[in-house]
Amino acid sequence: MNQDLMLRLFRSIEGDKDDDVVKVASLIIDDEMKKGHTKLAGKLKFILEKNIESTQSFHGELRRILPSGITIPKDKRNNLPLAIPIDRDELRHEMVLPFETEDKIRRIEKEFAAKERLANHGLKYRQKILIYGAPGCGKSMSAERIAWNLGLPFLKVRFDVIISSFLGETATNLSNLFDGIKNYPCVLLFDEFDMVGKTRANSQDVGEMHRVVNILLTLLEEYNSEGILIATTNIENALDEALFRRFDDIIEMPKPTKDEILRLTKKTLVSIEKSNDINWDTVVDKMIGFNSAIVVKIANDAAKIAVIANEKTLQQKHLEKALSENMLYQK
């Protein structure tokens, strides 16, 4: 492998010394040493040890901020919870992201883990995040991944309960939710945030929704919880412009590139044996323009086709069949 690529790969490795990926990296270092590439092996070892040390420090800080239980606020009319908790085992957290997007997500995680150190310097971690992009590109999944990596409870806002047809109740529900979780370290997800954050420039909306946006602006401005608030939207142009200024970070979730499609496809198919005759370039080229969710669906569909046919390996024909069945989702 090219030396620069190997160094870049090792810089992305994070984990404890007993993690499989770290063990494999150690074996690579040993192999390079045996080949006489002592200078390269030394660089790789230094990078790996530094990343292991950083991970141990990261986990140590997390142990000091794990949350206790909480009663989720409910609406007064139907006594239904305004948000629902998602069990940790159900959180999706293995993602393939562009390097730039990955860096931004990691920065959020690292700042939260170091929030006490930041506070000692008068600094605040990023705690209000807006993620936008096309459907199926991993916006909600990113929120779940952050909760999983930080070991925080994950709460998803229930807009079917929050939004009420009765005057003033939507704003009251939002206020109660923000107040109820302000001392609770968690990841609070407002999925499809445009449902309550629509631009006030739209004259077709009733006055009540305009008042809701005004309340939301105040709540976000004063938000100072112990956790992280993440809002997602497919149509960022539908959001009120004033809302953007209330977020600490705004992240675009783009559709996967050719390289990311290949990585995502192979990652999805990791549990099934694959034929050496597969022309991955041909397969991936046909998926350019697809969102991540459809790429994963195609890979899963191909695997199921192979298994049902009692084939020992996944072959090109299985991928081609899955592709043809999902071409309707092209762009």
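Reply: Asp285 is partly exposed, with a relative accessible area of 42%, where buried means under 20%, exposed over 50% and partly exposed in between, for a 1.4 Å probe and protein chains only. This is a predicted model, in which local features need pLDDT of at least 70 and side-chain atom pairs count only at pLDDT 80 or more, while totals for chains, interfaces and linings use all residues. Residues are numbered from 1 along each chain as its sequence is written, and side-chain values use heavy atoms, with hydrogens and water left out.

The partner of Asp285 in a salt bridge (a side-chain nitrogen of Lys or Arg within 4 Å of a carboxyl oxygen of Asp or Glu) is Lys258, with 3.0 Å between the closest N and O atoms. This pair links distant parts of the chain, 27 residues apart, since Asp285 belongs to helix H12 (residues 280–285) and Lys258 to helix H11 (residues 258–268); helices are DSSP runs of H or I with at least four residues, numbered from the N terminus. Lys258 is also partly exposed, at 36% relative accessible area.

Glu109 and Arg145 are both buried, and their closest N and O atoms are 2.6 Å apart in a salt bridge. Because Glu109 lies in helix H4 (residues 99–113) and Arg145 in helix H6 (residues 139–150), the pair ties together parts that are 36 residues apart in sequence. Both residues belong to a salt-bridge network that also includes Glu102 and Arg106.

Within helix H13 (residues 292–308), Asp301 and Lys304 are three residues apart, about one turn of the helix, and they form a salt bridge whose closest N and O atoms are 3.8 Å apart. Asp301 counts as buried, at 13% relative accessibility. In total, the structure holds 23 salt bridges.

Key:
Helices (H or I, at least four residues) and strands (E, at least two) are DSSP runs, numbered from the N terminus.
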